[in-house]
Amino acid sequence: MKMEAGLGKMFEWKDVCKTVEFYRRSLNLSQNKLARLLGVMPSTVGVWERGIKEPRASSLVRLARTLNVSEIDLLHPSEEVKQKIEQMNFKCSGKA
């Protein structure tokens, strides 16, 4: 599903889900631990990372803060982060 970011740029959630997983793993957080920090069910983080569902706007803000990044960095990662994600070969189904 295409979503519009605050700066008018379009993005695909299937690409963002890899970024979520990257930042979570960078902080050595399990999906369960991240879910507890966000106050969501553990399966919720899994469906976000697999691209099955997107978080609500309020959850996206909490997610970015918990991962110590801005919402823009989460939705539009830098080229350096994109390269690291590709090197780690994170996959997401992109069904959203």
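Start by selecting T19, which touches D73, L74, P77 and I85, leaving aside residues up to four places away in sequence; contact here means heavy atoms within 4.5 Å. T19 is found in helix α1. Helices are DSSP runs of H or I with at least four residues, strands are runs of E with at least two, and both are numbered from the N terminus. T19 is buried, at a relative accessible area of 1%. The cut-offs are under 20% relative accessible area for buried, over 50% for exposed and partly exposed in between, with a 1.4 Å probe and protein chains only.

Before you go further, some housekeeping: this is a predicted model, where local features need pLDDT of at least 70, side-chain atom pairs count only at pLDDT 80 or more, and totals for chains, interfaces and linings use all residues. Residues are numbered from 1 along each chain as its sequence is written, and side-chain values use heavy atoms, with hydrogens and water left out.

Now zoom out and colour by secondary structure. The protein chain has six helices and two strands, and from the N terminus on they run β-β-α-α-α-α-α-α. Of its 96 residues, 38% count as buried. Take the contacts between residues at least 6 apart in sequence: 64% of them join residues at least 24 apart.

Next, select W13, Y23, L34, W48, L63, L67 and L74. These have the most contacts inside the largest nonpolar core, which has 22 residues. Such a core is a set of buried Ala, Val, Leu, Ile, Met, Phe, Trp, Tyr and Cys residues joined through side-chain atoms within 4.5 Å. Two or more residues each come from α1 (13–26), α2 (31–38), α3 (42–49), α4 (57–66), α5 (71–75) and α6 (79–88). Which of these elements gives the most to the core? That is α1, with six residues.

Stay with L74 and show its neighbours. Leaving out residues up to four places away in sequence, L74 touches V16, T19, V20, Y23, L60, L63, A64, L67 and V69.

Two helix pairs come next. Show α1 with α3: their axes come within 8 Å and cross at roughly 125 degrees. The axes are lines fitted to C-alpha atoms, for helices over the stretch in contact, with angles from 0 to 180 degrees between N-to-C directions. The pair is therefore oblique; angles under 35 degrees count as roughly parallel, over 145 as roughly antiparallel, 65 to 115 as roughly perpendicular and the rest as oblique. On the α1 side, pick W13, C17, V20, E21 and R24; on the α3 side, V45, W48 and E49 make the contact.

Finish in the loops. Select N28, between α1 and α2: its phi is positive, about 55 degrees, although N28 is not a glycine. Most residues other than glycine have a negative phi. Is N28 buried or exposed? N28 is exposed, with a relative accessible area of 71%.

Then jump to N68, in the loop between α4 and α5. Phi of N68 is positive too, near 60 degrees, in a residue other than glycine. N68 counts as exposed, at 61% relative accessibility.
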